[in-house]
Amino acid sequence: MINNILIIDDEKELSSLLARLLSLEGYNTDIAATAREGLYLFKREEHALVITDVRLPDADGLSLLGEIKKINPFSEVIVLTAYGTIEDGVKAIKDGAFDYITKGDEDNKIVPVVKSAMEKAMMHRRIEHLEKQVGEKFSFDNITGNSTAIRHALDIAGKVADTDTPVLLIGETGTGKEIFAQAIHYAGRRKKNQFVAINCSAFSKDLLESEMFGYIAGAFTGANKNKKGLFEEADNGTLFLDEIGELDISLQAKFLRAIESNSFIKAGDTKTTKVDVRIIAATNRNLEDEIKKGNFRDDLFYRISVVKLEIPPLRERKEDIKELAEYFIEFYSRKLNRIIANVSPGFISALQNYNFPGNIRELRNIIERAVILSESKNLDVNLLPKEILFSNENIYSPVSKNLEEIEKSHILSVLKDTGGNKTKAAEILGIGLTTLYRKLQSYGIE
């Protein structure tokens with residue numbers, strides 16, 4: 001418990017007095033007379049702060065400090081002594097003690113010191129909690145799917161995560177390359193440091209160079225102060241270069257030098273800036289083809305692609321569509337405060353029969369749209385956009401076996417053949433134009 005304090009001192013009267021004093025300040029206290037008893041209590045229940053005497057019957061309090069920090073480095077320790085020396089105080093602080101207090105002489109100091117130590121302990125726990133939340137959010141466990149293709153990709157990503165090896169993620173737009181990059185970062189040794197992402201296609205050549213490497217004041221007109229580049233921001237962390245295939249050929253040599261040497265020179269500067277950065281890059285282009293065309297340097301390609309990881313498009317992992325759809329339905333139901341109690345088999349079948357050129361990003365947008373447009377607690381095929389209902393797969397592969405769906409598929413097929421000409425379609429179908437409009441309206445198609 002964050003409010004718990006453990007007092008370890010063989011002077012029972014002093015321990016009791018200190019416990020009463022701290023309880024009046026709203027803290028919960030436990031008391032131990034020996035190091036052994038103290039370690040037992042510390043292991044049994046979480047304590048944010050330990051106040052220990054430097055001389056205990058069975059141990060040196062400074063040695064005990066080290067044991068406590070091994071068990072929980074986020075717990076703070078205040079060392080008390082009746083025989084204060086500068087050497088002991090310096091050693092205690094070096095070994096990780098929050099403070100070192102002489103008994104009797106500084107009784108008035110204990111409460112404010114305890115308060116400061118508890119605030120520090122709380123801050124550490126908040127940071128730890130946030131790091132845990134971020135790690136969980138971007139973990140491999142949150143990449144949905146059980147298809148062979150996605151499991152293979154996850155297996156490779158998991159093996160390379162705890163290394164500093166450069167990774168090149170290859171896949172179509174919308175397949176989740178940045179999600180993979182984040183998962184690799186947060187599963188690795190650099191997870192407590194920055195994950196910095198940039199889309200190389202989003203900036204002009206000159207602006208991208210400034211963003212990546214930074215500059216010093218006066219480097220050019222408008223450079224009024226020093227600016228850190230993203231390489232420097234990502235120091236000791238990971239730099240994710242999205243759409244690296246769009247990187248201007250004239251900048252590629254500078255990128256290669258920075259990646260190989262972990263150093264660069266800022267615009268306007270004369271000295272080298274050293275960094276320690278892991279590189280993860282991504283592209284939807286075939287970089288080998290770009291090399292042949294003269295658009296991409298082969299030496300840069302080989303440097304960033306020590307491990308190549310292909311993220312499969314959604315059409316190659318259709319068995320994952322149902323699970324992904326259910327995930328997005330739940331997500332957007334919560335986000336939009338809607339209740340979705342039923343999803344028709346036809347809705348899921350229509351999604352599974354569609355090729356998703358926009359991949360997971362397109363599926364996510366379709367589900368968000370369906371949840372918004374639903375006027376009941378049900379999701380049915382009439383909530384799907386025309387591009388899905390008019391796709392070849394759905395027209396020629398009925399989304400269900402009932403007569404109504406077969407009729408619908410036939411009508412949509414005829415409409416497609418007539419280029420959307422409803423008058424001509426009605427003639428071919430042998431029904432009135434008004435009847436066709438009524439049926440299309442019932443399908444949610446205007």
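Predicted model: local features only at pLDDT ≥ 70, side-chain atom pairs only at ≥ 80, totals over all residues.
Residues are numbered from 1 along each chain as its sequence is written, and side-chain values use heavy atoms, with hydrogens and water left out.

Two terms come up throughout. Helices (H or I, at least four residues) and strands (E, at least two) are DSSP runs, numbered from the N terminus. Buried means under 20% relative accessible area, exposed means over 50%, and partly exposed is in between, using a 1.4 Å probe and protein chains only.

Back to strand S15, residues 278-283. Of its 6 residues, 6 are buried. In general, side chains in a regular strand alternate between the two faces of the sheet. In S15 both faces are covered: Arg278, Ile280 and Ala282 are buried on one side, and Ile279, Ala281 and Thr283 are buried on the other.

Now its partners. Two strands pair if DSSP finds at least two bridges between them. Strand S8 (residues 167-170) pairs with S15 in the parallel sense, over 4 bridges. Within that pairing, valine 167 has isoleucine 280 as its bridge partner. Strand S12 (residues 238-242) also runs parallel to S15 and is joined to it by 4 bridges.

Next, a helix. In H3, residues 61-71, the buried residues are Gly61, Leu62, Leu64, Leu65, Ile68 and Lys69. They lie on the same side of H3, because they cover an arc of only 150° around the axis; the arc is that of the directions from the helix axis to the C-beta atoms. As a general point, an α-helix has 3.6 residues a turn, so residues three or four places apart point the same way.

Now the aromatic rings. Rings of Phe, Tyr and Trp (its six-membered ring) pair if their centres lie within 6.5 Å; planes under 30 degrees apart count as stacked, over 60 as edge-to-face and the rest as tilted. That rule gives 11 aromatic pairs.

Why is the pair of phenylalanine 213 and phenylalanine 255 called edge-to-face? Their ring centres are 5.5 Å apart and their planes are at 75°, so the pair falls in that class. Phenylalanine 213 is in helix H8 (residues 205-213) and phenylalanine 255 is in helix H10 (residues 249-261), so the pair ties together parts 42 residues apart in sequence. Phenylalanine 213 is buried at 1% relative accessibility, and phenylalanine 255 is buried at 0%. Ring pairs also link Phe213, Phe231, Phe255 and Phe264 into a cluster.

Another pair is tyrosine 327 with phenylalanine 331. Here the centres are 6.5 Å apart and the planes are at 20°, so the pair is stacked. These residues are 4 apart in helix H13 (residues 321-335), a separation of about one helical turn. Both are partly exposed: tyrosine 327 at 43%, phenylalanine 331 at 39%.

Last, one histidine. Histidine 47 sits in the loop between helix H2 (35-44) and strand S3 (49-53), and is buried, with a relative accessible area of 1%. Its side chain makes a polar contact with the side chain of aspartate 30, at 2.8 Å. A polar contact is a pair of N or O atoms within 3.5 Å; within protein, one must be able to donate a hydrogen and the other to accept it, and residues adjacent in sequence count only if both atoms are side-chain atoms.
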